[in-house]
Amino acid sequence: MQLKSKVDVLLGLQWGDEGKGKVVDVLTPRYDVIARFQGGPNAGHTLEFNGMKHVLHIIPSGIFHPDKLNVIGNGVLIEPAILSQEVEALRGRQVDATRNLYISKKAHLILPSHRLLDAANEQAKGNAKIGSTLKGIGPAYTDKIARTGLRVGDTLEFDFGEKYELLKLQHLQMVQTLGFDTASFRIDGMTLEDYERRWMESLQLLRSFHLINSEYFINDCLRQGKRVLAEGAQGSMLDIDFGSYPFVTSSSTVTAGVCSGLGVAPSAIGRVMGITKAYCTRVGAGPFPTELFDDTGRRLCELGHEYGATTGRSRRCGWIDLPALRYACMLNGVTDLIVTKPDVMNDFEEVLMCDSYEIGGRCTDELPFEFNAVEITPRWVSYPGWKQSLAGIDSYSRLPQPLLRYLEAIEQAVQTPVMAVSTSPDRKDVLFK
Ligand code: GDP
Ligand code: IMO
Ligand code: MG
């Protein structure tokens, strides 16, 4: 099949929250279609412009551009009540998402009982909790793979109610086996029954969207030469296969996920823009070799406002981890790097990078299989801080010399050019090289 264009990809190279939402919003004018390919309401993508801050969870970050189309692909999980809240919040900002958001009929649904099961599973893990966002991601993807899930298109069928009840019953049985107290379980302060009512009501809104076979839609766009940007959620280190398993999410967060999550061939992938913070954060449990437990870690958290956009939890902070970044660039075939939040380190005397790991007295650049179990000592390289504000700097070449050297060091370490740097939460502050 002759395609006139390819799908460009923008995804996170760390443990999520790299600034994907902001950068997708900035890149949207260059594209015709913005498409999410995996994840669900566990994502929290923040956009800021004109003094306004908005967080998106399921809806792609191109939604504030009325002349662009947004697509939720088959690989995404949809929680109708959360989608409904997002649509309402956008209405409050004079954005009518039902106009320019198309949804795949093949996208799977998160039921209220998936969220119950998520909470029960986490509780059963005791000290080994993943730190899930408790949006039902794990259980809903489990049903997808087990071939027991329900999809957006199923809500149009006459027997949807029956199928729903059957699946819910299975979930309730599992929850009972886990010994979880369903009666005191709440979602947004609501009992399961009350929340279920809201969930059912929101199906009406879901059905009012353009429900499509997104694989045909996206490939038609490519045949016509339209420009498509795939927006990742979470980050490569949370990938189900390559992340720090089991402390991961349940989807393919890497470029490969674009093919299965949108229905495009590998040969239809164009540029892969990988986004990384100038330092590193992680929310939830799991290994984090460069994590800082000292004042510097606390400063990164405070200055970077590192609190989860979905759960409000404070994010763990540390220096940039080059072995992990190289790994992510390899897995994704990153062609361009985008670095965010160097401004958070404006006042630092020095900034460190972890260049390699020391494991059992041996130096290595490879993330070990036993990533969760072994003690990893980072080997640090120090760079002088730039000790100045980045506010008002309007071109890449005018960035302070020490910061340019820091960025060059990242480029060299991962053998990938930096395409742009973001210097504030605001849409206007992205400097392209
Ligand atoms: P996402 O999940 O990758 O979209 O990222 P989040 O929205 O969860 O977290 C990124 C946070 O950093 C948000 O609060 C953004 O507003 C903010 N942010 C994005 N880019 C920059 C930047 O260059 N500098 C600063 N200081 N904040 C940024
Ligand atoms: P965005 O798209 C950061 C983390 C959770 C938890 C693990 C599993 O905003 O970058 P899940 O709810 O998927 O079962 O949680 O993954 N996690 C994220 N961390 N950013 C995200 O999304 C995340 N989505 C999930 O904290 O550790
Ligand atoms: Mg986020």
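This note sets out numbered points on the structure above, which is a predicted model.

1. Asp17 sits in the loop between strand E1 (7–12) and helix H1 (20–27), while Gly44 sits in the loop between strand E2 (33–36) and strand E3 (45–49), so the pair ties together parts that are 27 residues apart in sequence. Both Asp17 and Gly44 are buried.

2. Surroundings of ligand 1. Ligand 1 is surrounded by 19 residues, and the closest are Lys20, Gly44, Thr46, Asp343 and Ser422. A polar side-chain atom of Asp17 lies 2.9 Å from an oxygen atom of ligand 1, a polar side-chain atom of Lys341 lies 2.9 Å from one, and a polar backbone atom of Gly21 is 2.9 Å from one.

3. Backbone atoms take part here: an N or O atom of the Ile130 backbone lies 3.4 Å from an oxygen atom of ligand 2, and one of the Val283 backbone lies 3.0 Å from an oxygen atom of ligand 2. Arg313 contributes its side chain, with a polar atom 2.9 Å from an oxygen atom of ligand 2.

4. Aromatic pairs. The model contains ten aromatic pairs. In one of them, Trp386 and Tyr406 are tilted, with 5.9 Å between centres and 50° between the planes. Trp386 belongs to the loop between strand E18 (377–384) and helix H12 (401–414), and Tyr406 to helix H12, so the pair ties together parts that are 20 residues apart in sequence. Trp386 counts as buried because its relative accessibility is 5%, under the 20% limit. Tyr406, at 0% relative accessibility, is buried as well. Elsewhere, Phe160, Tyr164 and Trp199 form one aromatic cluster.

5. Charges over rings. Two arginines lie over aromatic faces. Arg30 is placed over the face of Phe432, at 4.3 Å from the ring centre. Arg427 is placed over the face of Phe49, at 3.6 Å from the ring centre.

6. The setting of His171. His171 is part of helix H6 (residues 160–177). Its relative accessible area is 0%, so His171 is buried. The side chains of His171 and Ser113 are joined by a polar contact of 2.8 Å. Leaving aside residues up to four places away in sequence, His171 touches Leu111, Ser113, His114, Leu117 and Asp143.

7. Helix H11. In helix H11 (residues 322–332), the buried residues are Leu322, Pro323, Ala324, Leu325, Ala328, Cys329 and Asn332. Their cover includes E1, strand E11 (269–277), strand E14 (320–321), strand E15 (336–340), strand E16 (350–359) and H12. At the start of the helix, a side-chain oxygen of Asp321 reaches to within 3.0 Å of the backbone nitrogen of Ala324. After H11 comes Gly333, with a positive phi near 65°.

8. Backbone features to inspect. Most residues other than glycine have a negative phi, and most peptide bonds are trans. Against that background, the peptide bond from Tyr245 to Pro246 is cis, with omega near 5°. Pro246 is in the loop between strand E10 (228–231) and helix H9 (256–262). Leu134 has a positive phi, near 60°. Leu134 lies in the loop between helix H4 (112–124) and helix H5 (137–146), and its relative accessible area of 36% makes it partly exposed. Lys387 also has a positive phi, near 45°. Lys387 is found in the loop between E18 and H12, and at 46% relative accessibility it counts as partly exposed.

Note on methods:
Residues are numbered from 1 along each chain as its sequence is written. Chains are lettered from A and ligands numbered from 1 in the order in which they are written. This is a predicted model: local features need pLDDT of at least 70, side-chain atom pairs count only at pLDDT 80 or more; totals for chains, interfaces and linings use all residues. Side-chain values use heavy atoms; hydrogens and water are left out. Helices (H or I, at least four residues) and strands (E, at least two) are DSSP runs, numbered from the N terminus. Buried means under 20% relative accessible area, exposed over 50%, partly exposed in between (1.4 Å probe, protein chains only). Rings of Phe, Tyr and Trp (its six-membered ring) pair if their centres lie within 6.5 Å; planes under 30 degrees apart count as stacked, over 60 as edge-to-face and the rest as tilted. A charge sits over a ring if NZ of Lys or CZ of Arg is within 6 Å of the ring centre and within 35 degrees of the ring normal. A polar contact is a pair of N or O atoms within 3.5 Å; within protein, one must be able to donate a hydrogen and the other to accept it, and residues adjacent in sequence count only if both atoms are side-chain atoms. Contact means heavy atoms within 4.5 Å. A residue is near a molecule or strand if one of its heavy atoms lies within 4 Å of it.
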